[in-house]
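Please keep the sequence and the model in view while reading.

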Amino acid sequence: MGIRHRIAPLAAVLALAGGLAATAAAPALAAQPASGKTAVAAAAHGTYLYFNKNQSDPGNSRLYLMKSVPNAKDEVLAKYRAGSGDGGPNGKNECASSQGWLPNGTYQVLAHDAHYNGGDYGVNGKVIHVEDKVCENGRTTRAELFVHSEMWPEGSQADAQPGKDNPYRWEGADDYRSLGCIKLKPADIENLFTKAERYGWPEELKVVS
């Protein structure tokens, strides 16, 4: 999962680890997928998400909403700054659970939810849920993966906590760091949802670096 909480106790941090290996115990808040709310329609809309990881600055990567155009170059419908990985020494290791960025490849979008409630220390608010992915070592599965931001389930921002990082309040560029998920600032994920409602919800996420 993408939320990082620098002061949370270890158990709480593990509970929101979107990069947990499949062999680890399931986190307490990984209850129902976002598909419990609004499942992706079966009909093809011709749109997809494209995440281009920035090798020099993972927290300044780019997420695109794309439209497939037959026999021509695909069209960019929207472009956002986004981040994946915790920015630490293993931040670009796709097999480092709860630390590294998402593995390259194509993911099926499972669902989207405007008011997702991940519980204490989980992801909340507007989310796009994508499938698990086995990383390049062929063993470690990155799980509980979302495109999300930092907010309460209804979309509001938590109060500031002086001297602390609040996982439900966007406070600056450091908030692009995550435990593996793709993170956008609140205004950008709001815009992404608006564009997806207009042009059709993406059914795939393509990750490259």
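**Salt bridges, a helix and aromatic rings**

K183 has a relative accessible area of 0% and is therefore buried (under 20% relative accessible area with a 1.4 Å probe, protein chains only; exposed is over 50%, partly exposed in between). The model is predicted, so local features need pLDDT of at least 70 and side-chain atom pairs pLDDT 80 or more, whereas totals for chains, interfaces and linings use all residues. Residues are numbered from 1 along each chain as its sequence is written, and side-chain values use heavy atoms, without hydrogens and water.

The side chain of K183 meets that of E150 in a salt bridge, at 2.5 Å from N to O (a side-chain nitrogen of Lys or Arg within 4 Å of a carboxyl oxygen of Asp or Glu). Because E150 lies in the loop between β9 and β10 (182-183) and K183 in strand β10, the pair ties together parts that are 33 residues apart in sequence. E150 also counts as buried, at 0% relative accessibility.

The whole structure holds two salt bridges. K126 and E190 form one of them, at 3.4 Å from N to O. This pair joins strand β6 to helix α2, and so ties together parts that are 64 residues apart in sequence (helices, H or I of at least four residues, and strands, E of at least two, are DSSP runs numbered from the N terminus). K126 is buried at 12% relative accessibility, while E190 is partly exposed at 31%.

Helix α2 comprises residues 186-199. Its buried residues are P186, D188, I189, L192, F193 and A196. They lie on the same side of α2, because they cover an arc of only 165° around the axis (taken from the directions from the helix axis to the C-beta atoms). On the other side of α2, A187, T194 and R198 are exposed. Just after the helix, G200 takes a positive phi of about 115°.

Which residue does the ring of F193 pair with? Its partner is W201: the ring centres are 4.9 Å apart and the planes lie at 80°, so the pair is edge-to-face (centres within 6.5 Å, using the six-membered ring of Trp; planes under 30 degrees apart are stacked, over 60 edge-to-face and the rest tilted). Both F193 and W201 are buried. The count of aromatic pairs is five. Among them is the edge-to-face pair of W170 and Y176, with 4.9 Å centre to centre and 80° between the planes. W170 and Y176 are both buried.

Notes: The expected span of a helix is 1.5 Å times one less than its number of residues.
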